[in-house]
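The following exercises are to be worked with the sequence and the coordinates at hand. Each task is followed by a solution in steps.

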Amino acid sequence: MTSEPKENFARGARRNPRLAERVAELIEKDIVASGWRIGSVLGSEGELIERYGVSRAVFREAVRLVEHQQLATMRRGPSGGLVVTEPDPGVVRNAARVHLRRAAVTRHQLLEARMALELAGIASATENLTESGIEKLKEALDLEQEQIDRGVTRGYARDLHRVIAELAGNPAIALFVEVLAQLDQDIVQQEWDAADVDDEGHLDDAIASHEAHEAIVAAIVAGDAPLGQHRMRRHLQAIAALLPDES
Ligand SMILES: [Zn+2]
């Protein structure tokens, strides 16, 4: 990978961890400034070392950081250089979930955050609703109905929340609604698994959630954001009551 002896590279990078982070930030700035065109080349290694005015070891450590963040990757060869890539949102969501679990977030705190985000999402989704948005909502409801018909209750709770958040057209709302809804579901599922309750025991909960989802969608489609928010609030409170809260 590198022509330098490994120890030298590691030592050089360790000496300047802050500098490498700073260069990684500059690379990120340059990617944003250049319009984040996936596949475009920011420059060759030699050009970029000159542009940022750092040693090869520091530059390579910075590249390791931006590669880890999925901002760019170093391509070898004649047409090589630092190539702009597309960050995988799944990796970001996963990292956020891991962080929140490590921070021992409670279900009560998750509810509080979801409430704020999802109610804002309902308002924007209702305001921006298009024909294709209505189709997406109906598809999500149909999928839920199919799952319930087949007796599948695992994973029923999340998809409609994701669709509404995406229709809100706000990437920040979409990201965090997905993270929080998934995390809440993971925690509930874990408790159920620990209590050795089989999926069939939750069919009633799944049906109640589905009915709440239908009512929320009906309000959004009718253009009645306050009613949709009211129904979402009650639905999230019902989800929160699925387990006795620890806090
Ligand atoms: Zn739900």
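A residue counts as buried when its relative accessible area is under 20%, and as exposed when that area is over 50%. The model treated here is a predicted one.

**Exercise 1.** Determine whether Asp184 is buried or exposed, and identify its surroundings.

*Solution.* 
Step 1. Locate the residue: Asp184 belongs to helix α9, which spans residues 171-194.
Step 2. Apply the cut-off: the relative accessible area of Asp184 is 6%, and buried means under 20%, so Asp184 is buried.
Step 3. List the contacts: with residues up to four places away in sequence left out, Asp184 touches Arg107, Leu110, Arg114 and Ile239.
Step 4. Examine the polar partner: the side chains of Asp184 and Arg107 are joined by a polar contact of 2.7 Å.

**Exercise 2.** Identify the protein donors of the zinc ion and describe their placement in the sequence.

*Solution.* 
Step 1. Name the donor atoms: His161, His213 and His235 each provide NE2, lying 2.0 Å from the zinc ion.
Step 2. Write the spacing of the donor residues, which is H-x51-H-x21-H.
Step 3. Assign helices: His213 is in α10 (residues 203-221) and His235 is in α11 (residues 225-240), so this pair ties together parts that are 22 residues apart in sequence.
Step 4. Check burial: both His213 and His235 are buried.

**Exercise 3.** Describe the largest nonpolar core and the elements that supply it.

*Solution.* 
Step 1. State its extent: the largest nonpolar core comprises 20 residues.
Step 2. Name the residues with the most contacts inside this core: Val23, Ile27, Ile31, Leu42, Tyr52, Phe59 and Leu82.
Step 3. Trace the elements: at least two core residues come from each of α2 (17-33), α3 (45-52), α4 (56-68), β1 (72-75) and β2 (81-84).
Step 4. Follow one member: beyond its neighbours within four places in sequence, Phe59 has contacts with residues including Val23, Ile27, Leu48, Tyr52 and Met74.
Step 5. Look for a further core: a second, separate one has 18 residues, among them Ala125, Val163, Ile220 and Met232.

Key:
Residues numbered from 1 in each chain as written. Predicted model: local features only at pLDDT ≥ 70, side-chain atom pairs only at ≥ 80, totals over all residues. Heavy atoms only, no water. Core = buried A, V, L, I, M, F, W, Y, C linked by side-chain atoms within 4.5 Å. Buried < 20%, exposed > 50% of the residue type's maximum accessible area, 1.4 Å probe, protein only. Helix = DSSP H or I, 4+ residues; strand = E, 2+ residues; numbered from the N terminus. Contact = heavy atoms within 4.5 Å. Polar contact = N/O pair within 3.5 Å; in protein donor to acceptor, adjacent residues only side chain to side chain. Donors = N, O, S within 2.8 Å, 3.2 Å for Na, K, Ca; no water.
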